[in-house]
Amino acid sequence: MFEPTEIPRLFALPCGVDFGAEVVRGLQDRMRLSQPEDMARVELIVNTLRMQRRITAAFDASPASFLPKIRLITSLVPEEASAQEQPSALAHRLGLVALVRPFLEAQRDFAPSSSAFDLADSVAGLMAEMEEEGVSLEALSNLTVSEQSKHWDRALSFLQIVLQYAEQNSTGPTARDTIDTLLRDWETSPPQHPIIIAGSTGSRSPAHRLMQAVARLPQGAVILPGVDTEMPRHGWRALASSKIQEDHPQHRILALSRDLGLEVTDLPTWTHTAAPSPARNALASLALRPAPVTHAWLKEGPHLQALDQALEDVTLVEAQTLRDEALAIALRLRKAADEGTSTALISPDRTLTRLVTAMLDQWGILPDDSAGIPLHLTAPGRFLRHVADLRSDRITAEKLLIVLKHPLCHSVAGRNEHLRHTRDLELHLRAEGPPFPDARMILEFSQAIGAPDWGEWLVACLFADAPEDGARPLAQQLLGHRGAAERLAAGIAAEGTGGLWEQLPGMAARRAMDGFAEAAPKGPDVTAQEYLALFQAILSREQQRDRDAGHPHIRIWGTLEARVMDAELLILGGLNEGSWPEAPAPDPWLNRAMRKEAGLLLPERRIGLSAHDFQQALGAKTVWLTRALRSDGAETVPSRWLNRLTNLLGGLPETGAPALKAARRRGAYWMALGQQFEAVARIAPAYRPSPRPPLDARPKKLSVTQIKTLVRDPYAIYARQTLGLRPLEPLAKTADAAMRGITVHRALEAFIEDGEISQEAFLRTTAATLAEDVPWPEMRVLWQARLKRISEQFIADERLRQSEGHPVEFEPAGRSTIPHLDFTLTAKADRIDLQSDGRIALYDYKTGHVPTHAEQRRFDKQLQLMAAMAEAGAFEKLPATPVAKAEYLGLGLSPKIVSAPFGDGGPAQTWAELMDLIEAMQSPGFGFTSRRAMQRDNDPGTYDHLARFGEWDTTRNVTPEDLT
């Protein structure tokens with residue numbers, strides 16, 4: 001294929017060309033005079049799997065011929081090494097977890113214990129990097145940390161222990177070992193068949209060394225992607241002399257050329273195909289010059305040619321928000337799909353790409369996403385995580401229903417019955433609890449609804465192999481978790497595993513679980529909570545991708561895949577700092593100075609690689625550049641490369657600025673198109689409702705506590721009494737104010753009935769009641785502490801109350817009927833005492849806000865009405881008796897007693913006011929106005945959403961509406 005030469009063979013391809021197609025074209029041109037079978041002897045080494053597929057597709061599009069042997073640069077493992085059984089990478093990391101966990105327990109300020117696997121993963125990555133770059137453990141031992149903070153000294157000391165373990169438990173031959181083996185073989189017997197490396201820039205040390213060796217082989221060659229063929233010789237010299245050259249896009253190309261003794265400007269091109277836009281390549285080359293020599297802009301900028309043509313096919317989208325940016329991209333992709341235009345969105349911002357994918361779904365377009373879907377976000381991944389979460393702690397109603405409603409739970413025949421039982425269980429848990437369902441409760445419920453088999457199956461899945469407290473072997477935790485998931489998926493029949501392991505996501509999840517099971521014996525003993533964190537971390541590193549499901553013309557790539565360049569339109573999305581280039585991942589072990597001293601990779605190298613990807617993509621025929629001006633409410637900073645490009649163009653008022661303005665104008669068109677697409681017809685806001693239902697549909701019975709609601713928010717009475725709407729109780733039970741009030745009421749009732757009025761008895765009784773009614777230990781402690789705080793004052797007040805009389809009724813029900821109004825008032829008093837003078841005293845316990853005298857006079861007339869009912873004999877076991885007093889007993893942080901203000905007319909006056917209110921409610925002109933007299937404007941109403949509050953406010957006029 002190649003003529004003999006002493007000069008290493010290093011070829012270049014300019015930015016913007018279809019790299020895979022040009023590699024094939026140059027290969028076919030050089031093999032044109034050879035025998036057909038000679039092509040099969042060619043060994044082609046590429047950098048990515050997508051590049052491999054692209055080259056294969058280019059051969060498929062050519063006339064029939066033999067294919068070369070195409071290999072990935074990451075798979076060059078000697079056959080004897082691959083035949084040996086080596087521990088998996090996951091097993092290696094699980095072994096490191098056993099070392100990381102004790103360190104985190106001893107150094108709790110270093111990182112949370114849940115990050116043990118993440119730290120082990122970072123240690124393994126650091127170990128691999130050290131092996132690739134030829135950095136020994138001694139190099140870390142000799143690092144200077146005396147001037148560093150204590151954190152780095154502590155991390156380095158631990159790191160040395162971990163790395164010694166890692167050296168003793170190697171996962172097999174590393175990339176460096178592989179390259180060393182190849183180079184030794186080539187020294188004694190260099191291969192005579194053609195070997196070509198295409199697409200790599202040698203950013204890693206093993207690849208760099210391999211590329212040098214291949215370039216010097218008798219029939220070897222290296223094809224460099226995205227070489228800046230527009231940079232003049234003095235520009236390359238400036239790059240070579242710059243101290244911060246690693247963040248330049250051409251740095252790795254320059255480094256390889258210099259190591260081979262070649263000048264980049266003298267490199268031959270692999271083919272004679274011209275770049276799609278040489279003028280744009282020249283613009284990018286000047287814009288991306290090293291920062292210390294950007295004064296070249298002043299000299300060379302005015303000489304840039306045809307900038308209007310360079311930016312003719314460039315669109316600059318500067319959206320206000322990330323969502324606006326995604327919408328503009330989605331609209332362009334939709335147009336590309338309609339036209340059959342091959343298009344690729346290139347962005348490291350996964351939030352942006354997922355937004356675009358979601359927006360394309362409304363048109364039935366599924367892009368071919370090279371990154372796939374993280375396995376933990378697929379249906380099987382979510383189901384497995386939910387089951388692990390269910391086993392990690394006490395089962396809550398919320399966690400239980402998440403699992404039972406999942407599409408993979410009971411994914412066999414009879415699922416409709418399963419969903420019906422699940423719905424009934426949800427309603428039961430909302431209405432009656434408990435917050436932590438147990439086996440007994442589930443069995444009793446299933447018996448009550450006539451589905452005992454369903455309850456027994458559910459109990460067997462959830463409680464038969466429930467994890468015990470304390471640590472268990474990792475393999476045992478995994479076995480229990482997998483068994484529970486499979487039984488839940490199999491359903492009552494308990495045969496097979498349902499749909500859990502079916503289809504591509506299920507098969508990917510099964511492979512991940514099998515790999516985890518194989519590596520689990522290497523892991524430490526873990527608790528159920530630790531297992532959950534570990535499982536989630538492992539699953540999140542796996543990807544599931546269906547390469548056949550995506551649209552053939554719409555693709556989403558990572559930045560590395562910009563080198564493939566086989567799309568007619570490239571959209572470079574998310575061009576903001578922190579996104580492109582991505583912010584360096586935090587290194588918990590070595591800071592930048594320590595990495596530099598040890599000879600490890602610096603963040604600038606990764607930035608340079610990302611810059612190279614950007615420069616290559618910018619050279620494509622048609623390019624979109626997009627960014628969001630704001631993200632999460634904060635202003636963003638444009639990517640440094642986009643910033644350089646726009647600054648250079650803006651500094652050329654006669655040529656560059658008009659071209660840049662035109663590119664922005666094209667982007668503004670798509671932004672306006674997005675606004676039109678989402679524009680909706682204006683709908684008039686809702687009016688403030690005040691329905692007037694027929695008289696026979698109005699409430700005939702209310703409780704004394706609802707009278708306040710009738711005054712403050714009549715619409716709530718209409719919704720509840722007339723429409724019969726009841727709000728669902730929350731599924732996630734919490735120790736809220738309502739539960740606290742009920743529990744304290746029960747405790748006080750038990751205390752008073754016991755008869756021993758002492759602080760010891762008070763605390764003993766309240767503690768027993770809390771233990772029985774409150775399933776949250778922390779809330780029991782908190783509420784008991786509050787009760788203890790008020791106990792002394794309450795006991796003193798209680799002795800005074802019992803010196804005046806004695807309790808005769810706890811929570812008696814009362815009922816008063818008003819015949820001429822056809823209305824009934826009901827009540828339930830907390831406590832009624834009979835005093836020594838024959839009158840009674842009414843007491844109401846309040847654990848929250850105690851109504852003031854002013855509130856009671858106008859709105860909260862609960863005590864006054866109960867007093868009127870008591871004097872009228874409304875309580876069944878009490879005759880009509882005069883009321884001496886009615887008091888609220890405040891049991892909050894500041895205990896207080898507030899009496900009911902009866903006024904001059906006493907309870908009779910309050911009763912007369914009630915008659916007036918009920919007569920008004922039963923008059924045809926009475927409207928049940930929403931939020932008529934709320935205590936505070938920001939007080940929530942139970943039925944505010946039904947009244948569409950928010951579309952109107954309390955300053956709006958009421959709009960009565962007669963209903964029929």
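A residue counts as buried when its relative accessible area is under 20%. By that cut-off, 52% of the 964 residues of this protein are buried. The model is predicted.

**Overall form**

The protein holds 36 helices and 27 strands. Its radius of gyration is 38 Å, well over the 30 Å that the globule rule gives for 964 residues, so the protein is more spread out than a compact globule. Taken along the principal axes, the box filled by the C-alpha atoms is roughly 125 × 65 × 65 Å.

The table lists values for the whole protein.

| Property of the protein | Value |
|---|---|
| Radius of gyration | 38 Å |
| Accessible surface | about 44,900 Å² |
| Distance between the mean positions of positive and negative charges | 4 Å |

**Surface, charges and contacts**

Carbon and sulfur atoms account for 51% of the accessible surface. The protein has 106 positive and 124 negative charges. Where contacts join residues at least 6 apart in sequence, 77% of them link residues at least 24 apart.

Which residues does Val637 contact, leaving aside its neighbours within four places in sequence? They are Asn576, Glu577 and Arg627. Leu49 is 588 residues from Val637 along the chain, and the C-alpha atoms of these two residues are separated by 33 Å.

Methods: Residues are numbered from 1 along each chain as its sequence is written. This is a predicted model: local features need pLDDT of at least 70, side-chain atom pairs count only at pLDDT 80 or more; totals for chains, interfaces and linings use all residues. Side-chain values use heavy atoms; hydrogens and water are left out. Helices (H or I, at least four residues) and strands (E, at least two) are DSSP runs, numbered from the N terminus. The radius of gyration is taken over C-alpha atoms; the globule rule is 2.2 Å times the number of residues to the power 0.38. Buried means under 20% relative accessible area, exposed over 50%, partly exposed in between (1.4 Å probe, protein chains only). Contact means heavy atoms within 4.5 Å. Accessible areas come from the Shrake-Rupley method with a 1.4 Å probe; for residues, only the protein chains shown count as cover. Lys and Arg count as positive and Asp and Glu as negative; His and the chain ends are not counted. The place of a charge is taken as NZ of Lys, CZ of Arg, CG of Asp or CD of Glu.
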